[in-house]
Amino acid sequence: MAKNTICLWYDKDAEAAARFYAKTFPDSRVGAVHRAPSDYPSGKEGDVLTVEFTVAGVACLGLNGGPTFKHNEAFSFQIATEDQEETDRYWNAIIGNGGEESACGWCKDKWGLSWQITPRVLSDALAVGGAEAKRAFEVMMTMTKIDVAAIEAARRG
C-alpha cells in the first residue's frame, strides 16, 4: 500500500466500485482484497472489509464501513480529458452505470462518489484569466456535461 492513500467509505460495494473504476479509467487497477477476520458492526467474518485500488494513478482504499457515512461533493475525483470523445466516454460510463448528472462537468457514480470530468480546454481557458476566462466560465455554468466545442467558441469570443 502507498504511504499516502485516499480511504473511501462504502456501504458494502467497495470491491464492485473498485472494479468499475479499474475498467473505466486508464492507469487504474484493483489490488488486494481483504476480508474481515471476525464479525463487525456492518458485516460478518469473511465479508470484504477493504479493497486496495488505484484510480487514474491515485492510490485508494475502499472500506466497507456500512451505511453510517455517505459521500458528498466535498470530495471528488477530477479527471482531465483531452477532447469531447474522452469526456463523453467517462461521463457516459459513470451515468450509464447508475450514476447521475450534476452541473458544470460534475456527476456522481452509483455509489455517490462525485466526479469532475473536465476537458483541458476548460482548465486552460480559466487559467488564462480576463475576458476569455469569463466567457468560458459563463458558458460552462449553463452545462451539465462539458461541451468542448462550446468552450472553444467562448474562448474565441
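1. Salt bridges, to start: the term here means a side-chain nitrogen of Lys or Arg within 4 Å of a carboxyl oxygen of Asp or Glu. Lys 134 and Glu 138 make one, with their closest N and O atoms 3.9 Å apart. Because the two sit 4 residues apart in helix 4, about one helical turn separates them. Helices are DSSP runs of H or I with at least four residues, strands are E runs of at least two, and both are numbered from the N terminus.

2. A word on ground rules. This is a predicted model, so local features need pLDDT of at least 70 and side-chain atom pairs count only at pLDDT 80 or more, while totals for chains, interfaces and linings use all residues. Residues are numbered from 1 along each chain as its sequence is written, and side-chain values use heavy atoms, with hydrogens and water left out.

3. Back to the charged pairs: the whole structure has 7 salt bridges. One of them joins the side chains of Glu 73 and Lys 108 at 2.9 Å, N to O. That pair links distant parts of the chain, with Glu 73 in the loop between strand 4 and strand 5 and Lys 108 in strand 7, 35 residues apart. Arg 155 and Glu 132 also meet through their side chains, at 2.5 Å, N to O. Arg 155 belongs to helix 5 and Glu 132 to helix 4, so this bridge ties together parts 23 residues apart in sequence.

4. Now have a look at helix 1 (residues 14–24). Its buried residues (under 20% relative accessible area; exposed is over 50%, partly exposed in between; 1.4 Å probe, protein chains only) are Ala 14, Ala 17, Ala 18, Phe 20, Tyr 21 and Thr 24. They span an arc of only 160° around the axis (taken from the directions from the helix axis to the C-beta atoms), which puts them on the same side of helix 1. Their packing partners are strands 1, 2, 3, 4 and 8, plus helix 2.

5. Leaving out residues up to four places away in sequence, Phe 25 touches (heavy atoms within 4.5 Å) Val 55, Ile 79, Tyr 90, Ile 94 and Trp 115.

6. Thr 87 is worth a click. You'll find Thr 87 in helix 2, and it counts as buried because its relative accessibility is 0%. Beyond its neighbours within four places in sequence, Thr 87 contacts Thr 81, Ile 117, Pro 119, Lys 145, Ile 146 and Val 148.

7. Two backbone spots to check. Most residues other than glycine have a negative phi. Ala 56, in the loop between strand 3 and strand 4, has a positive phi near 50°. Cys 104 has a positive phi too, near 60°, and lies in the loop between strand 6 and strand 7.

8. Last, the surface. Leu 126, Phe 137 and Met 141 make a nonpolar patch of about 270 Å². Met 141, from the loop between helix 4 and helix 5, counts as partly exposed because its relative accessibility is 46%.

How values were computed: Patch = residues over 30% accessible without salt bridge, like charges linked within 9 Å, V, L, I, M, F, W, Y side chains within 5 Å. Areas by Shrake-Rupley, 256 points an atom, 1.4 Å probe, with all protein chains shown as cover.
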